[in-house]
Amino acid sequence: MRRLLIRTASAAGLLVLLVVLGVVAKAWFDSRLPDSYSAMDYGQVDDGGGPPHDHSHNLVSIETLHGPRTKPDFRTTLVAKQAEVELASGRAVSAWTFNGQVPGPELRVHQGDVVEVTLVNEDIDDGVTIHWHGVDVPNAEDGVAGVTQDAVMPGERYTYRFRADQLGTFWYHSHQVSSKQVKRGLYGAFVIEPRTKAKGLDLAVVAHDFSGRAAMGSHDGVERRRVGARNDVRLRLVNTNSSPERFYVTSPFRVLAIDGTDLNGPTPIQDQMLVLGGGARYDVGFRMPQQSVRVGIARSPTALLLDAGGGETPAAEEPDVDFDPLGYGRPKPTLLATTSDFDRTFRMDIGKRIGFVKGRPGNHWAINGKLFPDTPMYMVRRGDLVKMRITNSSGKVHPMHLHGHHLLVLSRDGKKNTGSPWWVDTLDVFDGEEYEVAFRADNPGLWMDHCHNLPHARDGLTMHVAYEGLTTPFRLGDGPHNHPE
Ligand code: C2O
Ligand code: CU
């Protein structure tokens, strides 16, 4: 009798073990990605409480959503190639470059210009693309491998066309194997200037980390520039890194713009650290004082020294207070801030969960409790007013980036924004924070929405916003060699 009991118990135990193993094996099996798949086929469709996705009409290809084919006002070619580049300190970097330089050429165009950029891939084996980070281009010009185009392989070329409507500071980077390619150097500044240029000094300051060494442009030490007193200075800070970058300025300044959108009524601030999330841009402005001004990256010797000529060289000064855009500047009514009439409301809860992603076991990033590829596909219809609540309980900061749109920050941790409208395309969401943001669905397409800590995106922190009625002919995976992350 006792024997029988033991036997039954161990048989039951074995069965439980087999079932558990079976479940785990299935989870592993299901998490592997096919050799070729469509961005349309993965994701949990989320209608956000709006009218459900209408399947009745024929789907239109996003390829039809291209830029103007008229004669360009600005035309250039960017050649992606491997090159040995030298930072100002003499340190050599074997980089992946646009036109043999890191950062790639700074592109400055005028507002309203039709821009035409031809990308040529000389020898980047994985293929490359160009994504216009923060520029709300037509979807087919968005440069996402496997979503809006195929990666441009060695020997191939591809032409982007769009009208530069938004004034401000943006950047461009490859969106093929971006976690590796941006780090290696495939990025540059993209500035859209007003037709009549302001006087004074206007400079893009592109921060990048070269294996632990902070650089501004190609300067990994102190770069000096002569600027006469009383000149207006506008610095366009760009963080091309995955982690937040901290900048200090040893003179009072105003924050003129965030993510390419001017702030309303910015007031002078002093002794505040600017913390830019991965992919973010802040424009700062001040009138050049009699003494020199140092603009530096915290905890590094790297700085831009604006030399007024004579006087002391300011030392690095790292304020303990971080600048907070919430409540900064003067309010200005916007439809999105005042309406409560949203067509759809989405949630994006960033956390962690144990499971498999792409066949790998681990404690992975999760969105709304789901692992990639079951992350959300937020469905919208053209014209919708959309609200999104983002929370983060993952223990890490995530710079969340939506392509093709700008988000208006409504509140953080329940506290409404009482300052200037604060528009972002890349929002740093720290652990424990909750943001409410809103956008108008006015740019049809299939848009990536992902963490701009690019290794996080590669590890599954990625999803899409899709407009109903559209589809893409492009495919992701090893077969078509399209790997946007
Ligand atoms: Cu800066 Cu999805 O990109
Ligand atoms: Cu992240």
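User: Buried means under 20% relative accessible area, exposed over 50%, and partly exposed in between, with a 1.4 Å probe and protein chains only. On that scale, is Asp283 buried or exposed?

Analyst: Happy to start there: this is a predicted model, where local features need pLDDT of at least 70, side-chain atom pairs count only at pLDDT 80 or more, and totals for chains, interfaces and linings use all residues. Residues are numbered from 1 along each chain as its sequence is written, chains are lettered from A and ligands numbered from 1 in the order in which they are written, and side-chain values use heavy atoms, leaving out hydrogens and water. Asp283 has a relative accessible area of 0%, so the residue is buried.

User: Which residue meets the side chain of Asp283 in a salt bridge?

Analyst: A salt bridge is a side-chain nitrogen of Lys or Arg within 4 Å of a carboxyl oxygen of Asp or Glu. For Asp283, the N to O distance is 3.3 Å. Asp283 sits in strand β19 (residues 281-287) and its partner in strand β14 (residues 232-239), so the pair ties together parts that are 47 residues apart in sequence; helices (H or I, at least four residues) and strands (E, at least two) are DSSP runs, numbered from the N terminus. That partner, buried at 4% relative accessibility, is Arg236.

User: How many salt bridges does the structure hold, and how far apart are the closest N and O atoms of Arg161 and Glu116?

Analyst: The structure holds 27 salt bridges. Arg161, in strand β8 (residues 157-163), and Glu116, in strand β6 (residues 114-121), link parts of the chain 45 residues apart. Arg161 is partly exposed, with 23% relative accessible area, whereas Glu116 is buried at 8%. Their closest N and O atoms are 3.2 Å apart.

User: What are the relative accessible areas of His398 and Cys451?

Analyst: Cys451 counts as buried, because its relative accessibility is 0%. His398 is buried as well, and its relative accessible area is 0%.

User: Which side chains make polar contacts with the side chain of His406?

Analyst: His406 is in the loop between β26 (398-402) and β27 (407-412) and is buried, with a relative accessible area of 11%. Contact means heavy atoms within 4.5 Å; beyond four places in sequence, residues in contact with His406 include Gln166, Trp423 and Phe439. A polar contact is a pair of N or O atoms within 3.5 Å; within protein, one must be able to donate a hydrogen and the other to accept it, and residues adjacent in sequence count only if both atoms are side-chain atoms. At 2.9 Å the partner is Asp136, and at 3.0 Å the partner is Asp425.

User: What is the phi of Arg299?

Analyst: Most residues other than glycine have a negative phi, and most peptide bonds are trans. Arg299 is in the loop between β20 (293-297) and β21 (303-307) and counts as exposed, because its relative accessibility is 67%. Its phi is positive, near 55 degrees.

User: Where is the cis bond with omega of about 5 degrees?

Analyst: Its proline lies in the loop between β23 (360-367) and β24 (376-380). The bond joins Phe372 and Pro373.
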